[in-house]
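Me: I would like to work through some features of a model and learn how to read them. Please show it first.

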Amino acid sequence: MPNLRKIGHFLWYVFGLTQFSQTAFTSTEEVPELMQSSRRFVPSGGALYPSELYVYLKIEDLPFGVYHYDVAHHRLVLLREGNFDSYIASALGNRCELSSSFGAAFVSTMFWKNYYKYNNFAYRLQGLDAGVLIGQLLEVAKRFGFASGVYFQFLDKAINHLLGLSQEEESVYAVIPLTVEPTRWYPNGGGENEHISAAELSRELNVIQNHHFVRSQIVKKFPMLNKMNEASMLESTRSFQPIKGRESRHNDSQLIALPYVNRLSYDLASACRERFSPDMDFVLGKVTQSQLAVLLQEVTSAFMYRNDLDEEYEKSRVSLYGCFYHVEGIPDGAYQYDSAEHALRQIQPGDHRLPLQYGMTIGNVNLLQVPLCFHVAGDKDYFKSELGYRGYRIQQMEAGMLVQRLLLVSSALGMGGHPLLGFDAKLCDEIYQMDSLGKTSLIQIPIGPYRNRPWLQGSLLS
């Protein structure tokens with residue numbers, strides 16, 4: 001059973017503040033303007049971090065209960081004291097044996113934290129940000145010896161009520177039980193014949209009021225985000241359902257087999273500390289076929305995770321494409337990675353860097369200096385018939401989880417990666433000929449060697 005010290009290290013590696021930096025801008029005045037920023041081991045759109053992390057803990061060092069992880073002060077704030085095994089299990093449809101776990105993590109989204117900059121586009125970013133955080137949490141949990149599973153389907157209002165969240169400004173996106181003991185996860189069973197409603201369950205607990213500080217002097221309304229969140233909520237456990245895996249669709253094209261390589265063994269703490277998002281810092285260096293094989297194999301093989309959607313312990317519902325240039329032994333071109341065959345499916349030969357550069361909204365990355373430009377893709381209908389509007393949110397989270405795997409493995413290989421959403425998705429879909437497959441590009445991640453940036457950094461590592 002973990003103690004408080006171990007939980008503290010776990011939370012810090014998952015979502016804690018890790019670095020403080022200042023950037024100086026030259027101006028006509030004698031004193032330069034300074035921009036201060038803090039970073040974490042996970043990236044975020046615009047570095048705004050709309051996600052929040054809560055934990056339910058049952059360990060000896062502190063009272064049993066639900067806590068908020070206060071990132072700024074690296075501390076736990078007790079929100080509600082008590083044993084809530086039965087309540088959380090009911091909110092999950094009794095599909096997990098919470099009594100054998102030492103707790104659970106809750107990943108939420110606070111809508112205003114990036115809506116003020118991105119408006120309604122923030123909804124997509126929030127799903128991706130939550131997924132990146134979940135991906136980091138799952139990887140760190142493995143290294144700490146914790147077993148975990150992601151529950152995308154739960155009684156939203158009951159979980160929000162447990163944490164004392166105002167649904168008009170914040171809502172939980174995923175629940176992740178954590179255990180060090182054998183646990184019956186009931187992926188799709190458990191309470192399948194039992195009907196539990198969010199309204200009835202919420203009556204078991206009193207209302208709590210949490211207070212937080214918002215620096216914005218004016219907070220605008222975000223009705224569309226509230227409508228999307230409301231439309232995605234599940235009011236009854238009868239709404240929970242698994243989805244059947246779909247047959248993998250791909251274009252009939254040439255397969256280029258990649259060399260089989262050993263699983264990559266790397267120090268996660270070092271990879272986290274070294275992770276860097278280059279802007280104009282990419283430098284075109286040769287990537288070997290073995291490096292690409294290691295990257296692709298490690299990202300996809302390690303991305304099998306326990307969740308409440310699959311009938312079996314399956315892989316994600318998103319796939320990986322890439323435009324490669326100057327890779328040893330691989331002709332320049334656009335490819336889809338076939339993880340089952342560990343091979344690249346060539347879709348369109350040639351150098352696609354220039355069209356991709358023209359397709360960027362902001363030219364903050366020089367793609368002509370990038371050997372690997374990946375795109376995470378998903379189905380356009382995002383299982384809407386099975387999951388409703390919630391399916392879109394889940395798809396964005398799974399894309400974010402895969403992105404974080406890409407960034408961690410790239411860092412371990414000595415390369416940098418920069419997730420981008422300011423790109424022409426239609427252009428990328430045409431390059432990969434996705435229309436006939438009903439797929440679309442969700443996010444763009446250029447990856448490659450980079451030069452060190454001329455800046456002074458201060459680590460918060462004690």
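Me: How many aromatic pairs does the count come to?
Reply: This is a predicted model. Rings are paired when their centres lie within 6.5 Å, and by this rule the count comes to 19 aromatic pairs.

Me: Why is the pair of phenylalanine 15 and tyrosine 49 called edge-to-face?
Reply: Planes over 60 degrees apart count as edge-to-face. The planes of phenylalanine 15 and tyrosine 49 stand at 75 degrees, with 6.1 Å between the ring centres, so the pair falls in that class.

Me: Which parts of the chain does this pair tie together?
Reply: Phenylalanine 15 belongs to helix α1 (residues 4-15), while tyrosine 49 is in the loop between β2 (33-40) and β3 (51-57), so the pair ties together parts that are 34 residues apart in sequence.

Me: Are phenylalanine 15 and tyrosine 49 buried or exposed?
Reply: Both phenylalanine 15 and tyrosine 49 are buried. Phenylalanine 15 also has a charge over its face: arginine 40, at 4.4 Å from the ring centre.

Me: What is the geometry of the aromatic pair formed by phenylalanine 324 and phenylalanine 374?
Reply: That pair is edge-to-face, with 5.5 Å from centre to centre and 70 degrees between the planes. It links distant parts of the chain, 50 residues apart: phenylalanine 324 is in strand β10 (residues 319-324) and phenylalanine 374 in strand β13 (residues 372-379). Buried means under 20% relative accessible area; phenylalanine 324 has 4% and phenylalanine 374 has 0%, so phenylalanine 374 counts as buried, as does phenylalanine 324.

Me: Which residues form one aromatic cluster?
Reply: The members are Phe111, Trp112, Tyr115, Tyr116 and Phe222.

Me: In what order do the six strands of the open sheet lie?
Reply: Strands of a sheet pair through backbone hydrogen bonds, either parallel or antiparallel. Here the order is β5-β4-β3-β6-β8-β7, and the pairing is antiparallel. At the edges are β5 (75-81) and β7 (147-148), each of which pairs on one side only. Within the sheet, β3 and strand β6 (residues 103-110) are joined by seven bridges. Tyrosine 56, for example, has alanine 104 in β6 as its bridge partner.

Me: Which residues make the nonpolar surface patch of about 330 Å²?
Reply: Leu354, Tyr358 and Leu368 make this patch. Leucine 368 sits in the loop between α10 (353-358) and β13, and is partly exposed, at 33% relative accessible area.

Me: Where does the charged end of arginine 353 sit?
Reply: The charged end of arginine 353 is over the ring of tyrosine 325, 3.5 Å from the ring's centre.

Note on methods. Residues are numbered from 1 along each chain as its sequence is written. This is a predicted model: local features need pLDDT of at least 70, side-chain atom pairs count only at pLDDT 80 or more; totals for chains, interfaces and linings use all residues. Side-chain values use heavy atoms; hydrogens and water are left out. Rings of Phe, Tyr and Trp (its six-membered ring) pair if their centres lie within 6.5 Å; planes under 30 degrees apart count as stacked, over 60 as edge-to-face and the rest as tilted. Helices (H or I, at least four residues) and strands (E, at least two) are DSSP runs, numbered from the N terminus. Buried means under 20% relative accessible area, exposed over 50%, partly exposed in between (1.4 Å probe, protein chains only). A charge sits over a ring if NZ of Lys or CZ of Arg is within 6 Å of the ring centre and within 35 degrees of the ring normal. Two strands pair if DSSP finds at least two bridges between them. Patches are made of residues with over 30% relative accessible area and no salt bridge: like charges are joined within 9 Å, nonpolar side chains (Val, Leu, Ile, Met, Phe, Trp, Tyr) within 5 Å. Accessible areas come from the Shrake-Rupley method with a 1.4 Å probe; for residues, only the protein chains shown count as cover. A salt bridge is a side-chain nitrogen of Lys or Arg within 4 Å of a carboxyl oxygen of Asp or Glu.
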